[in-house]
Amino acid sequence: MTYFCPMARKKKFHLFENIEVIDTAAKGKAVAKSPDGRVIFLSNAVPGDIVDVQTGRKRKSFFEGKAVKFHTLSDKRTEPVCDYFGVCGGCKWQNMKYDKQLFYKQKEVTNNLIRIGHLELPEITPIAGCEDIYFYRNKMEFSFSDSRWLTNEEIKSGQDFDNKSACGFHIPRMWDKILDIDKCHLQEDPSNDIRNSIREFAKNNDISFFNPRHQHGLLRTLMIRIASTGDIMIVVQFFEDDKEKRELLLNYVTEKFPEITSLQYVINNKGNDTIYDQDVIVFKGEDHIFEEMEGLKFKINAKSFYQTNSKQAYELYKITRDFADLKGDELVYDLYTGTGTIAQFIAKKAKKIVGVESVPEAIEDAKENAKLNQIDNVEFFVGDMAKVFTKEFIQQNGNPDVIITDPPRDGMHKKVVEQILQILPKKIVYVSCNSATQARDLALMNENYKIIKTQAVDMFPQTHHVENVVLLLKR
Ligand code: SAH
């Protein structure tokens, strides 16, 4: 009798020497080829590097590996500004010059549309890059932990790390290990100052940090939102209900940072640290902040979604509005409307906008913001798109002339695409944060729609993420 023991499977690791890194791939990986022509995905190289590659176990038709020796460093490289580059996992492309980041983002979008979608593309307009390539985020979330991740350098230094309290980011794939951060280059000041001050005050005043493995400790997470209006929101999440320590800390924050306009907290003793099912309590100031775009005000509370790069969201919305090219008499559907920002942004140019979104709180915000902005030609509906966007819904709300769709990374549900193909609006503007699923969806619509324009937009410099906006016209 024979039986298969997975542990006995032969592990084959390879060392390939003097290999040129030739491209980038999904998820921020770099690409090289083995001497027999198989693709190797690398986690730590830049196109143009010449490296020795150590592979892990071979997958079906490709390898995954790591550069273990660098013979030549690519001229596409730049020195990462951040001390935590390579450990943090947040800004994988910080070692690549920004114009090269844009080149590879553009390339990925075009490749996906051609290779996955088999689509015929118009002339490609150059990707819209960011003016600010650092400090562009309006929202950051940090975690506290009593089991700080020590870097190789820290371990080698022989220094004594008695107090392992940390506030920063999760180490990739290590849910209980936090990299302590002193300076993150993604959010403007006073972001770093606030995080560091809270951490130091807590350490000096015996306020305990969370231990996710054993589920104890007081300080759990910290969210900092700095709006373009100057409003600042802080939400501190505690694991335990310790009034004395909580007030000690929050009073300190109030005094040290009078510029904070909304200081809130959550007491969450659940297993996970999402605050979306928790009460958020105001300690000082308002329960919201305001963002502003082209004179429109958006009220944002602790749970609201708002595009995290405000400046570039404005560019993305302008492109979307240009592509829609509304004349004023159109009925527009804004699918996956979130807090209704695109709907409100284009409202003046259309007869009516219908927004649909699955998160009830987002729709509450959308309605409130529309009222605040005195926009009365928008209507919002809550529900899962595949269930809400039906024949009956369209009979009730009218056949749209234009559909704007901005789905999450998974793209549109097949039923949603089928429904669009049932009603065949003249024009579709498809905003996507994942050009692979966008390509898949566009392929399904290819028989009925022609791609007129496609425009990549970079919202997240130093990462491999890229948005893409496509204009489709009915054939
Ligand atoms: N257009 C908005 C948000 C885009 S993000 C903006 O620019 O701000 C995608 C949105 O799709 C999110 O708000 C998410 O909650 C929503 N969503 C995700 N899955 C959904 C589904 N199955 N049905 C409806 N909305 C969904």
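Colleague: Which domains does the domain assignment give for the protein chain?

Modeller: The assignment, whose bounds come from an automatic or database source, gives domain 1 (2-72), domain 2 (102-133 + 309-474) and domain 3 (139-293). This is a predicted model, in which local features need pLDDT of at least 70 and side-chain atom pairs count only at pLDDT 80 or more, while totals for chains, interfaces and linings use all residues. Residues are numbered from 1 along each chain as its sequence is written, and side-chain values use heavy atoms, with hydrogens and water left out.

Colleague: What makes domain 1 and domain 2 count as being in contact, and how many residues does each supply?

Modeller: Contact means heavy atoms within 4.5 Å, and the contact takes seven residues from domain 1 and four residues from domain 2. The centres of domain 1 and domain 2, taken over C-alpha atoms, are 37 Å apart.

Colleague: Why is the pair of Asp23 and Lys107 called a salt bridge?

Modeller: The term requires a side-chain nitrogen of Lys or Arg within 4 Å of a carboxyl oxygen of Asp or Glu. The closest N and O atoms of Asp23 and Lys107 are 2.9 Å apart, so the pair qualifies under that definition. Across the interface of domain 1 and domain 2 the rule finds one salt bridge.

Colleague: Why is the aromatic pair of Phe210 and Phe239 called tilted, and what does the pair tie together?

Modeller: Rings of Phe, Tyr and Trp (its six-membered ring) pair if their centres lie within 6.5 Å, with planes under 30 degrees apart counted as stacked, over 60 as edge-to-face and the rest as tilted. For Phe210 and Phe239 the centres are 4.8 Å apart and the planes 45° apart, so the pair is tilted. Phe210 lies in the loop between α3 (191-204) and β10 (219-226), and Phe239 in the loop between β11 (232-238) and α4 (243-256), so the pair ties together parts that are 29 residues apart in sequence. Helices (H or I, at least four residues) and strands (E, at least two) are DSSP runs, numbered from the N terminus.
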